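Open the model in your viewer and keep the selection panel at hand. The tour goes stop by stop.

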Amino acid sequence: MVDVSVDDLIQLYLNTLVLYKNKPIFVDGIGKTKKVTYFDLSTQRNMVVDYKEGIFKAPTRRIGFINIGKSVVYSYRNPVRRYKIGYSHENLKFLTIEVSYPESRSITKERAMSLKSPEIRDSIFNSYPSFETAFMLAKEFNGAYAFDKQFAVCCRNRVWYKTDLVGTVNDSAKTIYDIVFDKEYAHLTLLLDNNYEKATSISRI
Amino acid sequence: MKKLHQFLGYDTPKAGDFGIEIEVEGANLPSVTTGGWKSEKDGSLRGESYEYIFTNPVNRDKVRKNLDFLKHKLRDSKLDFSFRTSVHVHMNMHNCTHTQLLNTIYTYLLLEEPFLSYCGKERKGNRFCLRLQDAEGLLDILNTLFKTDFNSLMIIRPDAVRYAAINLESLTKYGSLEFRAMRGNLDVDVIDNWVEALYRVRAFAMQIENPIEIHNLYAEGSPQSFMETVLGDLSKTFYYPKMVRDIQKSFSLSLDLPYCFKNKIERVNENKPKIKQNPVGKYPVYDFNFTRIQIGDRVEIVRKIEDGVVYWPVEMDVYVNNGEVYEVEDIRYDPVHIVLEGAEFVFPAEALSVVAKAGQEIEEEEEEEEEE
């Protein structure tokens, strides 16, 4: 990629979330000398680095549920014909779901869309609490909390898979096995039994 | 069953199995207009560059010959396959039904990780050929496609899914699925193997019943055995150390698809007019003695039913063998129960005994009259 011009760099990286040294960063600016200013999502600090070939990688991990603003936003990439290498507003979708948003639905969504919050870093690195903790926090916040990239629970005892309401739990629920899935979504237990996106114990439909 | 070419308005399916586009940067690149190829300029490439494209789709057995021709044609060129270049393979789906199309897509998605590994490690996460795990937004379209029919192809907005490793946009444009994963190269064996793998995916998809069966086939075996079933002896070409884990991941990511299809089938079956073996109101109902009960018959209540299934509160007990005869006012079905004139409850048929058919006098009364 030695022949990449500044214009190419701007087209590829400006205002995108990419991985630098395996950490998510948001590229804020690219100078004429290929100096890149970026915001580190982990340290929440602005930094500068000289561009070198291959230092920025495309994120290859899904985002999924973001625990933010005492509630959740679901985010994923679309395979649109755009040229940004990383995550950007051009290729990401942010969805709120039918749960309460104690800090306002629009403000929470905007925070997620900034692509700078540490909560997005947690989602990219698949850092979620146990079901029990998530349920407790959802109740405490009077909002919602994700316990998996694809699953969240809200203070009204409802369980969400991506943006669909798929089941319920009672007040004493402690583990994922206490989730009662609606009939149409019973198969989703496959996704919870094992790794978050590695179903190994499966049966015939 | 309607096939894709019919949906697209063609009388007959387009001939040929594959179309291939090979993007090349470099020097001394010739324009080609023979051997089944044409060359075009492509805005996404830099410097001296061409995109070499099949003039028409060709059958599977002609692919290698075409590739050999182009390789020979470019023998004196300096080829530079930069990150911008790639090889796109269009597979003709004109002759497929909607379900066969879904089978092809679902089978490909299950094997997407080994396929991408073969096509080039640098292709994983590449913005020009995003896998399902890179851009799960593809599922928005796929869920709809698996729940409905060919018509859902028309809702795909231009460029919305264009950069998926499996591009659905070309279905309405060319009647093909476009596979964009292969890295830029002109290694005839590498490309020919890739084409053969896709060919086997389609062949498998044409003969298996539906995505549910694909799911079940996967569930009954292992990721490796599934790949062997689909690709046969070619599967070894796609092995790599973390393959099993990666296929499991793909299975999880695409789990919604067979269930969308299943829900669609169930919905269709629910909407079908049901052929009733015993149309309501027409099938015969029999009493305790296996005598048919009809409206207007007179009956006695001869026994209590206590099987735990039939509704029988204690208040109904007083009607049993109380010496009264009741006329059948109505027969209700699903479940069967009998409405008796003058009784506050409805009764199961097997609690009753017909003492006189409609229009007949009760025998006992007639005898009394005779005696008189």
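Two strands count as paired if DSSP finds at least two bridges between them. Strands are DSSP runs of E with at least two residues, and helices are runs of H or I with at least four; both are numbered from the N terminus.

Some ground rules come next. This is a predicted model, in which local features need pLDDT of at least 70 and side-chain atom pairs count only at pLDDT 80 or more, while totals for chains, interfaces and linings use all residues. Residues are numbered from 1 along each chain as its sequence is written, chains are lettered from A and ligands numbered from 1 in the order in which they are written, and side-chain values use heavy atoms, with hydrogens and water left out.

**Stop 1**

Select residues 158-161 and 164-168 of chain A. These are β11(A) and β12(A), antiparallel and joined by four bridges. Val159(A) has Gly167(A) as its bridge partner.

Look for Thr168(A) opposite Val180(A).

**Stop 2: across to chain B**

Go back to Lys162(A) and show Glu136(B). They form a salt bridge, with the closest N and O atoms 3.4 Å apart. The rule (a side-chain nitrogen of Lys or Arg within 4 Å of a carboxyl oxygen of Asp or Glu) finds five salt bridges across the interface of chain A and chain B.

On the chain A side, select α1 (6-13), β7 (71-77) and α5 (189-193). Each supplies at least two residues of the side that touches chain B. β7(A) gives the most, with three residues.

Widen the view to the whole contact (heavy atoms within 4.5 Å). Chain A brings 34 residues and chain B brings 42.

**Stop 3: a sheet in chain B**

Which order do the strands of the open five-stranded sheet in chain B follow? The order is β13-β12-β11-β10-β14, with antiparallel pairing. Select β13 (346-347) and β14 (352-356) of chain B at the edges: each has a single partner strand, so one side of each is left without a neighbour in the sheet.

Finish with residues 298-301 and 326-332 of chain B. These strands, β10(B) and β11(B), pair antiparallel over two bridges. Arg298(B) has Glu327(B) as its bridge partner in β11(B).
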